[in-house]
Amino acid sequence: MTSQAVTLVDVPRPFLDTISSTSQALSVFSLSVKRPFAPQCLVLLVDASRVGVGLHCSDFAVRSNDDPVRWGRAIGHHVAGVASANPLAAGCYVMTIEADAAPSPADADRWFAIADVCDRAGIVLIDWCVRGFATVAAHFAGQGAVWCPRHVAGLG
């Protein structure tokens, strides 16, 4: 018999475990996202070895009718600000929780805008995920959907 604990969810431990995939980042985000869902931005910072060194959750949100590039730059500047407070940060995973959102071609523009701002700030945007949720106004738009705009941009 082994003494190793077996868990249903394998969540990387901060400052110890490497976060080598988006699914591992999602397991960290799943423990910190607000419930019931509300607009939110989560930033998981990793060091040069991809070990988690910080997690920031905020109510940062933009209106869904904002220009995709402007929206992406706003999130990018938010991420750069969060990362600048952590001297170990070399890269990040980002998750936005968006009301009545669904995958769209505009996601590619948002991805490139976020990645550009992060790159200029010296932070590698490893991946960005969107979690949509429906409001009363739109019962089913994006309800429960999780997607990675990097794929829309043709990068993965």
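This is a predicted model: local features need pLDDT of at least 70, side-chain atom pairs count only at pLDDT 80 or more; totals for chains, interfaces and linings use all residues.
The strands form an open sheet of 5 members in the order β2-β1-β3-β4-β5, and their pairing is mixed. At the edges lie β2 (52–58) and β5 (146–147), each of which pairs on one side only. Strands of a sheet pair through backbone hydrogen bonds, either parallel or antiparallel. Strand β4 (residues 124–133) is antiparallel to β5, and 2 bridges connect them. In this pairing, valine 130 is placed opposite tryptophan 147 of β5.

Of its 7 residues, 7 are buried, so β1 is largely enclosed by the rest of the structure. In a regular strand the side chains alternate between the two faces of the sheet. In β1 both faces are covered: one side carries the buried residues Gln40, Leu42, Leu44 and Val46, and the other carries Cys41, Val43 and Leu45, also buried.

Helix α1 (residues 22–32) lies across β1 (40–46), β2, β3 (91–99) and β4, and its direction makes an angle of about 130° with β1. Its buried residues are Thr22, Gln24, Ala25, Ser27, Val28 and Phe29. These residues pack against β1, β2, β3 and β4, and also against α4 (149–152).

Helices α2 and α3 form a further contact, in which their axes come within 7 Å and cross at roughly 35°. The crossing is right-handed. Residues of α2, including Trp71, Ile75 and Val79, meet residues of α3, among them Ala113, Ile114 and Val117. By class, this contact between α2 and α3 comprises 10 nonpolar, 3 polar and 3 charged residues.

In soluble globular proteins, nonpolar side chains tend to be buried together. The largest nonpolar core of the model contains 23 residues, and Leu45, Cys92, Val94, Leu125 and Trp128 have the most contacts inside it. At least two residues of this core come from each of β1, α2 (68–84), β3, α3 (106–120) and β4. Helix α2 supplies the largest share, 5 residues. Another core, of 15 residues, lies apart from this one and includes Val28, Leu42, Val46 and Ile126. Leucine 45 touches several residues beyond four places away in sequence, among them Val51, Val53, Val82, Ala89 and Cys92.

In the loop between α1 and β1 lies proline 36, which is joined to arginine 35 by a cis peptide bond with omega of about 0°. Strands β1 and β2 form a hairpin with 5 residues between them. Arginine 50, in the loop between these strands, has a positive phi near 65° although the residue is not glycine. The relative accessibility of arginine 50 is 35%, so this residue counts as partly exposed. Aspartate 100, in the loop between β3 and α3, likewise is not a glycine and has a positive phi, of about 55°. Its relative accessibility is 29%, and aspartate 100 therefore also counts as partly exposed.

Definitions and conventions:
Residues are numbered from 1 along each chain as its sequence is written. Side-chain values use heavy atoms; hydrogens and water are left out. Two strands pair if DSSP finds at least two bridges between them. Helices (H or I, at least four residues) and strands (E, at least two) are DSSP runs, numbered from the N terminus. Contact means heavy atoms within 4.5 Å. Axes are lines fitted to C-alpha atoms, for helices over the stretch in contact, and angles run from 0 to 180 degrees between N-to-C directions. Buried means under 20% relative accessible area, exposed over 50%, partly exposed in between (1.4 Å probe, protein chains only). A nonpolar core is a set of buried Ala, Val, Leu, Ile, Met, Phe, Trp, Tyr and Cys residues joined through side-chain atoms within 4.5 Å. A crossing is left-handed if the near helix is turned anticlockwise from the far one by less than a right angle, and right-handed if clockwise. Ala, Val, Leu, Ile, Met, Phe, Trp, Tyr, Cys and Pro count as nonpolar, Asp, Glu, Lys and Arg as charged, and the others, Gly among them, as polar.
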